[in-house]
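User: I'd like to walk through this model with you, one question at a time. Could you show it first?

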Amino acid sequence: MSRKVLVLPGDGIGPEIMAEAVRVLESLQHGGLDIELVHALVGGAAYDAAGTPLPAETLRLAREADAVLLGAVGGPKWESIDIALRPEKGLLGLRSELGLFANLRPAVLFPQLASASTLRAEVVAGLDIMIVRELTGGIYFGQPRGVRVRADGEREGINTLVYRESEISRIARVAFEIAMKRGRRVCSVDKANVLECTGLWREVVTTVGRDYPEVALTHMYVDNAAMQLVRAPRQFDVIVTTNMFGDILSDEAAMLTGSIGMLPSASLDAARKGMYEPIHGSAPDIAGRGVANPLGTILSVAMMLRYTFERADLALRVERAVEAVLARGLRTADIYTDGCTRVGTAEMGAAVAAALDS
Ligand code: NAD
């Protein structure tokens with residue numbers, strides 16, 4: 001039976017980059033990959049058509065699909081509408097409705113792009129980190145939260161950092177399983193010296209780690225991790241951390257690679273169903289001009305093949321095709337350097353699809 005992929009282009013450059021990811025998927029279909037592509041609206045495009053960023057039909061199709069491939073959502077056009085109806089709510093709604101608790105953010109530096117990093121090439125050469133961020137718990141969701149007035153009349157803001165043992169162990173397990181397929185090292189990042197909640201985090205991760213004796217587990221305080229990421233980033237293989245620490249560290253790690261347009265991500269549930277998307281936004285400043293980099297979305301397809309469809313062979317083929325195209329010197333504007341060939345979104349996508357076929 002063919003597996004279903006729900007394609008959600010979204011807003012801004014979303015439809016442009018998604019067209020190229022679909023081109024790659026179609027090329028794999030011709031090569032025998034048995035998948036069915038279903039298309040729907042999300043974000044601002046859905047708000048314009050149906051008055052909500054996450055129409056019931058889109059959610060139904062997402063639940064039915066084996067994987068969701070998303071472009072990006074948002075843009076200035078929708079910034080003044082009610083916050084509950086903003087495009088980003090479509091994305092957050094999908095994550096919570098589908099129970100996507102594990103966010104995987106690789107930071108990989110393609111050798112051809114070493115000069116795009118703001119760090120010296122010898123510091124980042126060969127960089128290949130996987131950040132596993134807990135996505136549905138922690139301080140972004142804990143209760144109580146809000147702003148309240150104290151008895152003395154002063155206002156105070158409150159957010160709560162809370163993790164249950166089961167939430168910690170399931171994300172730890174995802175990290176260890178991934179490490180088993182990579183460099184077999186997990187660094188758990190917490191603030192156990194100050195926050196009791198992350199003291200529990202450290203304890204539970206250590207317990208889960210006993211089931212993975214082949215994986216070397218270390219622990220690091222988040223302030224040190226932020227520093228080590230720019231000092232000696234290659235020391236890391238898999239990093240596992242809380243929602244908020246992961247939010248910050250994954251953006252920091254992304255920047256080590258120099259281009260936001262290159263990086264994919266995955267958000268998985270317990271059964272490895274996933275939503276796959278590039279880490280960048282809808283880039284309204286360049287939307288509609290055919291210049292956006294589609295490689296982050298194409299590499300999200302590779303993650304989908306690896307994690308949901310368990311086709312590491314095809315994932316590698318897509319990644320090798322991207323490398324081959326970069327090695328030929330093709331560059332979209334965001335990663336262009338002197339001496340390379342500047343191409344647009346469609347040309348880049350076509351080149352990757354052609355490299356896949358060859
Ligand atoms: P952005 O990631 O859209 O853009 C930041 C900068 O990077 C811009 O200069 C943009 O041109 C460039 N850029 C991004 N993707 C690129 C690509 N593929 N190729 C070439 N250049 C690229 O972030 P922003 O400007 O802060 O946000 C714009 C909109 O996107 C906002 O509405 C924001 O809420 C939304 N957003 C959505 C997501 C998502 O859908 N996951 C994530 C972040 C931001």
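Analyst: Here are some questions and answers on the ligand site, the helices, a hairpin and some backbone angles. This is a predicted model, in which local features need pLDDT of at least 70, side-chain atom pairs count only at pLDDT 80 or more, and totals for chains, interfaces and linings use all residues. Residues are numbered from 1 along each chain as its sequence is written, and side-chain values use heavy atoms, with hydrogens and water left out.

User: What is the distance from the oxygen atom of the ligand to the polar backbone atom of G281?
Analyst: A polar contact is a pair of N or O atoms within 3.5 Å; within protein, one must be able to donate a hydrogen and the other to accept it, and residues adjacent in sequence count only if both atoms are side-chain atoms. A polar side-chain atom of H280 lies 3.2 Å from a nitrogen atom of the ligand, and a polar backbone atom of N293 is 2.9 Å from a ligand nitrogen. For the ligand oxygen and the backbone of G281, the distance is 2.7 Å.

User: What share of the ligand's exposed area does the protein bury?
Analyst: Accessible areas come from the Shrake-Rupley method with a 1.4 Å probe; for residues, only the protein chains shown count as cover. Taken alone, the ligand exposes 800 Å², and the share buried by the protein is 68%.

User: What span does helix α1 reach from its first C-alpha to its last?
Analyst: Helices (H or I, at least four residues) and strands (E, at least two) are DSSP runs, numbered from the N terminus. The expected span is 1.5 Å times one less than the number of residues. Helix α1 covers residues 14–30, 17 residues, and is close to its expected 24 Å. Its span is 24 Å.

User: Is A351 buried or exposed?
Analyst: Buried means under 20% relative accessible area, exposed over 50%, and partly exposed in between (1.4 Å probe, protein chains only). A351 sits in helix α12, residues 345–357. Because its relative accessible area is 8%, A351 is buried.

User: Which residue in the turn between β6 and β7 has a positive phi?
Analyst: Two strands pair if DSSP finds at least two bridges between them. β6 (residues 142–149) and β7 (residues 155–160) pair in the antiparallel sense over 5 bridges, with G142 opposite T160. They form a hairpin with 5 residues between them, and the turn residue with a positive phi, about 95°, is G153.

User: Where is the cis peptide bond next to P144?
Analyst: Most residues other than glycine have a negative phi, and most peptide bonds are trans. P144 belongs to strand β6. With omega near 0°, the cis bond runs from Q143 to P144.

User: What phi does E310 have?
Analyst: E310 lies in the loop between α10 and α11 (312–327). E310 is exposed because its relative accessible area is 63%. Although E310 is not a glycine, its phi is positive, about 50°.
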